[in-house]
Amino acid sequence: MSELNNPHDAFFKKHFGNKKIAQNFLKNYLPSEIIKVVDLHYLTKEDKSYVDEDLKESHSDMLYKTKINGKDGYIYILFEHKSYNDPRVLLQLLKYILSIWEEKYNIKTNKLPIIIPLVIYNGENKWNIETKLINLIEGIEELPEIIKQYIPTYQYEIYDFSPEEKLGIVGLANLKAILQTTRVARVRTGEKFDEELIKAFEFLVGIKDKKTFNELFESCMLYLMYTRDDINIEKVKEVAKKVMDERGELIMTIAEKLKNEGEKELIIEILNQRFGEDFNKRLEEKIRKANEETINQIKKNILNITLEELKEILK
């Protein structure tokens, strides 16, 4: 399951792949001068990733086509989910932009579209690395202007949602809940964690549509449970009661569902690692549909059970 293998990637793509969420984020976070020339109504998601295979554990991306100053253009969003700052992000991002340009080059006009690069970061520490490529060049301050014209340059917008950064969380309630949850994922345990988790719940309370609330609450809590070893359903219920008492029964129902689903997905992950390709999709689905008694039987013998024994239990 992708959430278990890379929960950051799954969470980012699920929510920023939603056009309304992406529109609301860009509307609230792009500089006002850029907003004036970007047509957010025209926003169209491109179904392709440009991240290098060996960096997919720490990078996720999303490319949106739009109109910029009346011309076709793109907004490229890179979600940087390393726990630390990586100064090479400028070079990695440039590589991704070049890949997009190679693909989008207009052979009829011999022109390239404008690409606005954005980086969303939720590491443990504040983002403190360079955002302009030219400033990476050694001795750039002493170089004469005639030399500088040979240096390729660009910059990106950074949105730092690390626990130490004070970047405000604004927008619709669902966007605020999503952004706050990415921040909670990196907060160290203790009172600070409870405070930040309460904020996430307060944003969730602002969602009036019951179906949207249910889906987002479940998604946010799964993300936190997959990214942190110190959070469990009991902790979620304990903190949620402080701000969501009127939805207590609903939260209990969702919490129990998450507990059961999370347990099944963990079993699937372990069995995938044990049996590889022999553990097929059909067996995965049988486990997801299995009752409590069957799941308990598998759990007791999960490290010793043979594939044939597993098939027999799941009959």
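Predicted model: local features only at pLDDT ≥ 70, side-chain atom pairs only at ≥ 80, totals over all residues.

Me: What makes β4 and β5 a pair?

Reply: Pairing requires at least two bridges found by DSSP. Four bridges join β4 to β5, so the two strands pair. Within β5, Glu157 is the bridge partner of Leu118.

Me: How do you know that strand β3 (residues 71-80) pairs with β4?

Reply: By the same criterion of at least two bridges. Eight bridges join β3 to β4, therefore they pair, and they run parallel. Phe79 has Ile120 in β4 as its bridge partner.

Me: Why is β4 called mostly covered?

Reply: A residue is buried if its relative accessible area is under 20%. Seven of the eight residues of β4 are buried, so the strand is described as mostly covered.

Me: Why are helix α2 and helix α9 called roughly antiparallel?

Reply: The axes of α2 (residues 7-16) and α9 (residues 210-227) cross at roughly 160° and come within 9 Å. Angles over 145 degrees count as roughly antiparallel, so α2 is roughly antiparallel to α9. Their crossing is left-handed.

Me: Which residues of α2 and α9 meet?

Reply: Pro7, His8, Phe11, Lys14 and His15 of α2 meet Leu216, Ser219, Cys220, Tyr223, Tyr226 and Thr227 of α9. Contact here means heavy atoms within 4.5 Å.

How values were computed
Residues numbered from 1 in each chain as written. Heavy atoms only, no water. Buried < 20%, exposed > 50% of the residue type's maximum accessible area, 1.4 Å probe, protein only. Axes fitted to C-alpha atoms, helices over the stretch in contact; angles between N-to-C directions. Parallel < 35°, antiparallel > 145°, perpendicular 65-115°, else oblique. Left-handed = near helix turned anticlockwise from the far one by under 90°.
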